[in-house]
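Reader: I have a model open and would like to learn how to read its features. Can you walk me through it?

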Amino acid sequence: MKITAAITGVGSYVPDYVLTNQELEKMVDTTDEWITTRTGIKERRILKGENQGTSVMGIKAVQQLLDKTGTRAEDIDLLICATTTGDMVFPATGNIISHGVGAINAFSYDVQAACSGFLFSLATGAQFIQSGMYKKVIVVGADKMSSIVDYTDRSNCIIFGDGAGAVLLEPSTDGYGILDQVLRTDGKGEHYLYQKAGGSRRPPSAETVANREHFIYQEGATVFKFAVTNMADVAAQVMERNNLSKEDVAWLVPHQANKRIIDATANRMGVGPEKVMLNIHRYGNTTNATIPLCLADYEQQLHKGDNLVLAAFGGGFTWGSIYLKWAYDPKPDPQQA
């Protein structure tokens with residue numbers, strides 16, 4: 001029987017500190033109305049405290065996932081961490097997360113594909129399940145974007161937030177799980193959205209720090225144009241390849257970069273707003289965490305057999321879409337009991 005990789009649980013974590021648009025008004029020349037109109041963002045979460053890296057959030061998201069699914073950490077075969085803001089250049093943040101949750105039998109590594117990293121990691125993790133090599137794979141999407149945001153740059157500091165989400169992949173022979181994907185990259189996007197220094201090309205120096213080259217830089221208009229077109233294209237393509245009509249799609253799960261990009265993707269697919277997962281107003285763009293955070297926030301509304309289309313776009317450029325069939329009905333939420 002054909003083996004597919006099914007998501008059998010989700011976990012998430014966002015920091016307590018809430019950075020509102022009203023607070024940003026005091027930091028840079030902007031307004032709540034301007035931010036909301038152009039991005040859809042009202043607030044974002046920020047990880048505070050010394051020596052607090054992306055792994056801190058990833059550990060909490062994975063631990064919640066293990067607790068919710070009743071999975072023993074030592075039974076995990078592989079953990080993939082999608083992140084753009086790893087704790088360090090090395091070791092991999094995935095290694096730190098595995099150690100932090102006690103996944104002593106898992107091997108782990110990081111995937112860096114900007115905002116598409118979670119999708120790329122999900123597709124990769126699925127291959128290990130589909131091959132029959134592994135039974136339990138965790139994919140984490142986590143980023144501390146506040147660590148590379150220039151809070152004097154009003155074009156960027158309004159967009160990004162911190163957070164983490166994680167999913168458990170297990171084998172299915174009943175037709176549930178990841179059924180198709182369209183994943184793309186185009187290196188011509190290198191200089192439109194990137195961090196100028198800190199890598200091997202321009203190692204950290206007094207000059208790079210003084211020039212503020214360790215923060216996010218983006219040419220907003222160009223990125224927006226590419227994102228609107230490409231994210232919508234691959235979402236529509238994955239529908240066409242699998243003969244999915246707009247009625248067949250239960251949910252669009254889009255990367256939460258900009259409300260206008262999300263709307264354009266939904267319009268191209270022909271799905272109404274009632275079928276679009278949306279939490280950008282609460283968290284902003286958490287990069288690799290946006291899609292798993294959506295799955296966690298909407299878990300109680302998902303049902304076994306639902307058709308989901310995931311779509312993302314990121315710097316580099318990277319973009320992609322995954323079609324999956326949801327594998328389980330919601331369990332009662334203890335917080336609502």
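Author: In the case here, the span of residues 239-326 is 30% helix and 23% strand, and its end C-alpha atoms lie 16 Å apart. UniProt lists that span as "domain: Beta-ketoacyl-[acyl-carrier-protein] synthase III C-terminal", in an unreviewed entry; UniProt positions are given in the numbering used here, feature names are shortened, and annotations may be inferred rather than shown by experiment. As for provenance, this is a predicted model, where local features need pLDDT of at least 70, side-chain atom pairs count only at pLDDT 80 or more, and totals for chains, interfaces and linings use all residues. Residues are numbered from 1 along each chain as its sequence is written, and side-chain values use heavy atoms, with hydrogens and water left out.

Reader: How do I read a sheet, and what is the strand order in the open sheet of four strands?

Author: Two strands pair if DSSP finds at least two bridges between them. The order is β8-β13-β12-β11, and the pairing is mixed. β8 (177-185) and β11 (251-254) sit at the edges with a single partner strand each, so one side of each has no neighbour in the sheet. From one strand to the next, the twist averages 15 degrees.

Reader: Which helix packs on this sheet and touches β8, β12 and β13?

Author: Contact means heavy atoms within 4.5 Å. For directions, axes are lines fitted to C-alpha atoms, for helices over the stretch in contact, and angles run from 0 to 180 degrees between N-to-C directions. Helix α5 (residues 117-130) is the one touching β8, β12 and β13 (318-325), with its direction at about 135 degrees to that of β8. Helix α8 (residues 259-269) packs on the sheet as well, touching β11 and β12, and makes about 145 degrees with the direction of β11.

Reader: Is β12 buried or exposed?

Author: Buried means under 20% relative accessible area, exposed over 50%, partly exposed in between (1.4 Å probe, protein chains only). In β12, eight of the eight residues are buried, so the strand is largely enclosed by the rest of the structure. Asn 307, Val 309, Ala 311 and Phe 313 point one way, while Leu 308, Leu 310, Ala 312 and Gly 314 point the other way.

Reader: And how does β12 connect to its partners?

Author: Four bridges join β12 (residues 307-314) to β11, and the two run parallel; Trp 251, for instance, has Leu 308 as its bridge partner, and Pro 254 stands opposite Ala 311. With β13 there are eight bridges, running antiparallel. β12 and β13 form a hairpin with three residues between them, and Gly 316 in the turn has a positive phi of about 135 degrees.

Reader: How many aromatic pairs does the structure hold?

Author: Rings of Phe, Tyr and Trp (its six-membered ring) pair if their centres lie within 6.5 Å; planes under 30 degrees apart count as stacked, over 60 as edge-to-face and the rest as tilted. The structure holds eleven such pairs. Phe 107 and Tyr 134 have ring centres 6.0 Å apart and planes at 55 degrees, so that pair is tilted. Phe 107 lies in strand β5 and Tyr 134 in the loop between α5 and β6, so the pair ties together parts 27 residues apart in sequence. Elsewhere, Tyr 192, Phe 226, Phe 313, Phe 317 and Trp 319 form one aromatic cluster.
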